[in-house]
Amino acid sequence: MLSSKASCNSHGQDSSYFLGWQLYENNPFHEVENPTGIIQMGLAENQLSFDLVESWLRKNPDVMELKKGGESVFRELALFQDYHGLPTFKNELVEYMAKIRGNKVKFDPNNLVLAAGATSANETLIFCLADPGEAILLPTPYYPGFDRDLKWRTGVVIVPVHCWSSNGFRITMFALEEAYERAQKLNLKVKGVLITNPSNPLGTTMTKEELDHLITFAMAKNIHVISDEVFSGTVFDSPGFISILEAAMDRNLENTDVWSRIHIVYSLSKDLGLPGFRVGMIYSNNKTVVGASTKMSSFGLVSSQTQYLLTNVLASKRFTSKYMKENQKRLKKRKEMLVSGLKKSGIECLKSNAGLFCWVDMRHLLSSNTLEAETKLWNQMVCDVGLNISPGSSFHCSEPGWFRVCFANMSRGTLQVAMRRIKDFVERSNFMGRSKMNYQQNMSSLSRKLLSNWVRKLSSPDPNEHER
């Protein structure tokens, strides 16, 4: 009785990434009310700098009360809903985007399309670039939500570009070519390649070499490049962030065909820590893409009230400068706390410089180098240890044993509790491992001794043999 879309199971909700959330919601940690509950370390939210935003709002009550110059603008905002968005908001937004990129890239507000978060923006862009049954290349590991955002309603096929730990999961021309050839063997028409920069889940910024590979590859194959840059404002360490547009400008590609095939997705969910405000955007120099996505944005608009509030926030240049600097400082400090805590338990992380998470190497804790062993370890971490961390398999990682662990969505005290739990788990695992090894060694030694005695007895002459 229902449509195939409603009854199909291609949403991706059955991924361990989302299942971990469900387990957490059934037993959430609280330092007083539920100290043995599950700690949420699978949610990439930035809660470290809320106080800075709240402080600004307290000092500017007119904005919260929807006033301008002491006069209410409620009626104006309540009645206005143009899908092009408030011009003042788009102007402030492009300035903020340029500021994050060190003003090395300038953005035209006429090329900006507002959307209800990056989820909506990514899906809208895919609708514009590809038809059902066509393919988008996506380097692994990648954000599990892309299985929903990019292909559930669009009908587009995701073809993974396999990246490996041997080079820090960096994108190579060989990996891109291999994925393209694989798509061709499946009779899939490749329409583009999508990257996250900084990477989710790696927490790393892409190098100039990687970006050049992508641009060269897109030019050779005549395809699009989509750069999801929602974590661009979270870069807290060197090397700095290079936008795909900056890399293209360095090659003087502004007046070439590829310039119209480079698109950016951005949002304020990660940088400003406002995922509930649902503010995302598409930036493209392709007028047809801008026009089509603007029309499609009718299905996911940003409220006028939200645009008004954030226009005023972003217009405060002193505040945005202070926020960016302090937020990056806090993210770096919290990330170092996580890395240090894990290291004390003998667990290493991929070296990172951005994001709200670390890509954690737990391969040595697997019982075997298999997906089944990773799933078993994940179950132990969530159900026994009480930490919802996300397994690499949910990010389509090609190697078992990697996990994404978030650090910015909890208090310092909660992170300390999480580190103690991991330490206890590793110590128990090591003890059990040593006990099992000692038992096996003792049994092996006993077996060898018994075997030696048996051989010696067989080889010795029987003293009663002559009497027979």
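This is a predicted model: local features need pLDDT of at least 70, side-chain atom pairs count only at pLDDT 80 or more; totals for chains, interfaces and linings use all residues.
I started with Arg153, which pairs with Glu123 in a salt bridge, the closest N and O atoms being 2.6 Å apart. This one links distant parts of the chain, 30 residues apart. I found Arg153 in the loop between helix H8 (146-149) and strand S6 (157-161), and Glu123 in helix H7 (residues 117-129).

Arg153 has a relative accessible area of 49%, so I filed it as partly exposed. Glu123 comes out at 10%, so it goes down as buried, the cut-off being under 20%.

Then I went to Lys332 and Asp237, whose side chains form a salt bridge at 3.9 Å, N to O. Again the pair links distant parts of the chain, here 95 residues apart. Lys332 sits in helix H14 (residues 317-344), while Asp237 is in the loop between strand S8 (224-228) and helix H11 (244-250). I have both down as partly exposed: Lys332 at 29% relative accessibility and Asp237 at 31%.

Buried or exposed, where does Asp361 fall? I read 16% relative accessibility for Asp361, so it counts as buried. Arg363, at 34%, is partly exposed.

I also looked for shared partners.

Methods. Residues are numbered from 1 along each chain as its sequence is written. Side-chain values use heavy atoms; hydrogens and water are left out. A salt bridge is a side-chain nitrogen of Lys or Arg within 4 Å of a carboxyl oxygen of Asp or Glu. Helices (H or I, at least four residues) and strands (E, at least two) are DSSP runs, numbered from the N terminus. Buried means under 20% relative accessible area, exposed over 50%, partly exposed in between (1.4 Å probe, protein chains only).
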